[in-house]
Every structure is written in C-alpha cells, then in structure tokens.
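Please read this note with the model open beside you, and check each point against the structure as you go. The points take the sheet, then the nonpolar cores, then the charged pairs, and end with the ligand.

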Amino acid sequence: MASKDKKTPNTNAKSGGKKKEVKKETGLGLSNKKDENFGEWYSEVVVSSELIEYYDISGCYILRPWSISIWEAMHDFFDAEIKKMKIKNCYFPLFVSPGVLQREKDHIEGFAPEVAWVTKSGSSDLEIPIAIRPTSETVMYPYYSKWIRGHRDLPLKLNQWCNVVRWEFSHPTPFIRSREFLWQEGHTAFATKEEADTEVLEILELYRRIYEEYLAIPVIKGKKSELEKFAGGLYTTSVEAFIPNTGRGIQGATSHCLGQNFAKMFEMNFENEKGERAMVWQNSWAYSTRTIGVMVMVHGDDKGLVLPPMVASVQVIVIPVPYKDADTKAIFDACSTTANMLSKAGFRVEEDFRDNYSPGWKYSHWEMKGVPLRIEIGPKDVANNQVRVVRRDNSAKIDIPMSTLVEQVKDILASIQQSLFDAAKQKRDEHIKVVHTWDEFVEALNQKKMILAPWCDEEDVEKDVKARTKGEMGAAKTLCSPFDQPELPPGTLCFASGKPAKKWTYWGRSY
Ligand code: 86X
C-alpha cells in the first residue's frame, strides 16, 4: 500500500488509538460496525469519507469539499424553486444588538442560554456586547417594518443562505447537532392569512422533495403539537425522518406560519386597499446542514458513506486496473474515453489515475466516500470493448459494452436512487407501530419504534407522557400529527389519557 505521502496531521480530536491510525493510513475501511456501535460508526464514517474534519472547538466541524458539494446540490434545487415563487435572496448581518434581540423577549427567554456573545475587541471590552445570530427574526423584522408601508409593498418574500450559532450544551454530533451550522432561512410577509397558509405548504413540499427525491429518505409531513411548535409562531409544520439504528425521529425541516405575533412586536403594518391600517401575516422556514447527517445515518453502511446519485458530486468513478504485462497505455486511454463519453452525456464522472495507490485501495477509498458507481477497466475489458460496472448500494457487478454504456449508466443510477429510497422506506415502515394503549406504547418505545397513536391533543397529557417516559434514553415526545390521517373511528380513545381521541399523532424519542 503506497501511503507514505499521505501524512495525516495528528489534530483529529477523535483519534489517538493506534489501531485507528493504521486504518486511516491504509484506507482499508471502518473499525466500527453500523449495527454494533452506531455512534462510533457515525463519528468514524463522517471523517473517513472526508465529509468533515474535527475541530478544536467542541461542536464545530470543518465541512470539507465532499460535504459542501452535497449542500450545493440541495441548494441549487431549492434556490431555483424559491426563485420561481418570486422569493428573493438577501443577506443580513451576523451580529445582533442586545436591544433588538430583547424585543422579542417572550420567546427568546427559553433560548437565551444558547446565545453566543462577542464581548471584546482585542483586549478591550466592548461598550455594549454584541450577540451572534441564532436565527434572524430580530435582525430582519425592524427593516421589514421600515420597508412595508402600503399593500403594494406586499408580499415581501426574502430568503438568506447563511450560518447561525446556537451554543448547545447537549452532546454535539456532526451535522445533527452542531454549534454553528449552515441553513437557509426564509422570512415572508403577506397581506392575508390565506396567502401565508398556502406558502407554508408550498415550502414544506420543497422540503419533502429535498429529502425524498434528492436524499432518498422518506419523510412524514405534518403539524407540530402546541408544545413542540415554534413558540413565537401560530403553527409549525415539519417533515419528520426516522433513524432506524437509534429508533429516533428527527425533525428534517420546518415551515412556520408566524401569524401576526411578530407583526405586533415589530410594528409591521400597512395601509390596506380600503385605506385602513392592518398587520401583516408572516411565515418563516428553514432547512440546515442537518439534512446531510440524516443522509449519512440512513444510507451509510459498514464500508462507509452511500451517496444517492442526485447529490453525489462524483456519480461515477473510473479506475484503471493495469496488470504487469498488459498494455497500460491502452487501459488508461480506455478510461479517459469512457470518462469523456459519460461526462459529455451529463454524468458527474472522475478518473482515479493516481499511481501511488493500488486498484484495491482505490475501490475501498471510493466505497468509503460513497460514490454510487465504480467502473473498472482492465486488459480483458479493453480487448472486449467493454467495462465492468460495480454498484455501491448492493455490490452488483455487470459487464457493459461501450456501445450501450451511456443508456445503461443512466438506468443504473436511476435504479440506485430508487433502491435507496425503497430500502429506507421499508426499514422505516418496519419501525412504525400503531398502538391504542399505554402498555402497547411503552413496549413499542422499548423496541425503538416510531409510534402512531390516537391522542386527545391535550398539552398536559403530552407533558405527562414525557414525564412518564423519562430515562437514560430520553423521553418520548410528539413528532407530528401527519397531514395524511388514517381513519379515526368514533369512540377511539387517547392511548395516554383515555379521553376521546382527536387525531393520530406520531410519537417517539427524537434528536
Ligand atoms: C426558533 C424559528 C425559525 C427562522 C425557524 O425555525 C425557521 C427560520 N427561525 C427558530 N429558534 C429561535 O427562535 C431561537 C432563538 C434564540 Cl435567541 C436561540 F438562541 C435559539 C433559537 N433556536 C430556535
């Protein structure tokens, strides 16, 4: 194994074990198995696949090109879609003055411990400390108030792509719970509630498509309970995903109708068509780099990352397999021809011509990085005018003649995208349990299930369920009430309170 030139600086906060160093140097795979040691497996896979590097500040991670390219694939889709909706991009400052941050003190109260502050410049104290945005309502809305005068200024629909900082104290996890993360935050203002309601669902549908069509992860669209909604808003909708290995639900993205709460606080009002003062109706919505973590957790395996073709910056990796006495130049030429042909056809292709790694090392390397398709070209393939194609998701190998390669690669990538979704959906569905009683609920929770139960929709009952399920693993809470409601026969009782049930709701432990 030629790896002498691959010196890794010993700054990896997670490394230290000799065994790990050796694995790292040879690139021969993971030392943890997904089903045996999930947490360790995850930490290892995000680093070994070169998505992230650990950093010397807890909860902060370096996003390497491999993860940023996934972020960009989602960005390009979402950004184009919101532009079709006439939402415009903007950029507001990172810093918030304490006065402005306090203006929404009611809902800030619970979040206050998470706000990070700048208190010094050089060695001198700032006269007034400055907060770093944890979200941008207080940054943006004073200017919405200034910019909105009459009904012709509405709707005002802005989005920004930025970073935010929330100084979390619970266990940090790359992508899933980090102290700084990337997101888009959309903030819109309308003259009527109807327009706001419509947009909430349009944005939620885009979030569903990011998860299902790009990341190949099934999600449930629904409404958050009063306890779990964004306290500053009117109602919260979300897409909810599920991590089978931990049995935890995870909020994938949120789309809120804020109602007129912020309009009151920030005096966002306008003169309507009748010449009266009226308050705006608002929405806000966001998805973050958490999406990438969910993708790793759902699709990754014991060989590393598994990338859905829709978000893979390299969809096909071409690897020459020279033999001692074979015509090496012919093999390399065949690789270039293949790569050019696929690239011309619109696929994202790379060749790995490095001469200091063996073909076997390259196979594991690109498997670790999750590239959907590998093409191997050896002397026999050159002689037969064919290539060997290997799928990352199921290891299936097929020999394909050059004459039909483009068509077949297209079909195989589509098939990988679909198979990943189908496998994730099947696994997710196996972990959904419908229950009617408290005993069934507790049993399903112990089996790491996501639970669908009839509920009375009372806040005290949800708090009580939380209290009764508190333990090492964390309490159960509501994930969402799905928009797609199964039939609720009259007389159905709440699993927790025994009162008449009002709706079906998903429950579970969550991230
Ligand atoms: C809630 C609400 C909302 C715009 C979204 O979910 C979509 C995009 N924002 C965010 N939230 C906070 O308001 C919040 C506030 C402070 Cl001060 C904080 F430190 C943390 C927060 N976390 C979430």
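1. In this predicted model, three strands form an open sheet in the order β4-β6-β5, and their pairing is antiparallel. Strands here are DSSP runs of E with at least two residues, and helices are runs of H or I with at least four residues, both numbered from the N terminus; two strands pair if DSSP finds at least two bridges between them. The edge strands are β4 (95-96) and β5 (117-121), each of which pairs on one side only.

2. Which residue in β6 is the bridge partner of F95? The partner is I132, and the antiparallel pairing of β4 with β6 (residues 124-132) runs over 2 bridges.

3. Before going further, please note that residues are numbered from 1 along each chain as its sequence is written, and that side-chain values use heavy atoms, with hydrogens and water left out. As the model is predicted, local features need pLDDT of at least 70 and side-chain atom pairs count only at pLDDT 80 or more, while totals for chains, interfaces and linings use all residues.

4. A nonpolar core is a set of buried Ala, Val, Leu, Ile, Met, Phe, Trp, Tyr and Cys residues joined through side-chain atoms within 4.5 Å, where buried means under 20% relative accessible area, exposed means over 50%, and partly exposed lies in between (1.4 Å probe, protein chains only). The largest such core has 60 residues, among which F78, Y207 and V296 touch the most other members. Helix α3 (residues 65-84) gives the most to this core, with 8 residues. A second, separate core has 24 residues, including C335, I377, L405 and L420. In soluble globular proteins, nonpolar side chains tend to be buried together.

5. What is F78 in contact with, leaving aside its neighbours within four places in sequence? Taking contact to mean heavy atoms within 4.5 Å, F78 is in contact with W161, Q184, I203, L206, Y207, I210, W285 and Y287.

6. A salt bridge is a side-chain nitrogen of Lys or Arg within 4 Å of a carboxyl oxygen of Asp or Glu, and by this rule the count comes to 28. Side chains of opposite charge can pair when their charged atoms come close. The side chains of R208 and E212, both buried, meet in a salt bridge at 2.7 Å, N to O. These two residues are 4 apart in helix α7 (residues 193-214), and so they are separated by about one helical turn. R208 and E212 also belong to a network of salt bridges that links them with E205, R209, E213 and K221.

7. Two other salt bridges can be set side by side. K425 and D429, 4 residues apart in helix α13 (residues 405-430), have their closest N and O atoms 2.8 Å apart; K425 is partly exposed at 32% relative accessible area, and D429 is partly exposed at 32%. In the salt bridge of R354 with D352, the closest N and O atoms are 2.9 Å apart, and here R354 is partly exposed at 31%, whereas D352 is buried at 2%.

8. Around the ligand there are 18 residues, of which H107, T135, E137, R166 and H256 come nearest. A nitrogen atom of the ligand is 2.6 Å from an N or O atom in the side chain of E137, and a nitrogen atom of the ligand is 3.3 Å from an N or O atom in the side chain of R166. For H256, the ligand atom is an oxygen, 2.6 Å from an N or O atom in the side chain.

Notes
A residue is near a molecule or strand if one of its heavy atoms lies within 4 Å of it. A polar contact is a pair of N or O atoms within 3.5 Å; within protein, one must be able to donate a hydrogen and the other to accept it, and residues adjacent in sequence count only if both atoms are side-chain atoms.
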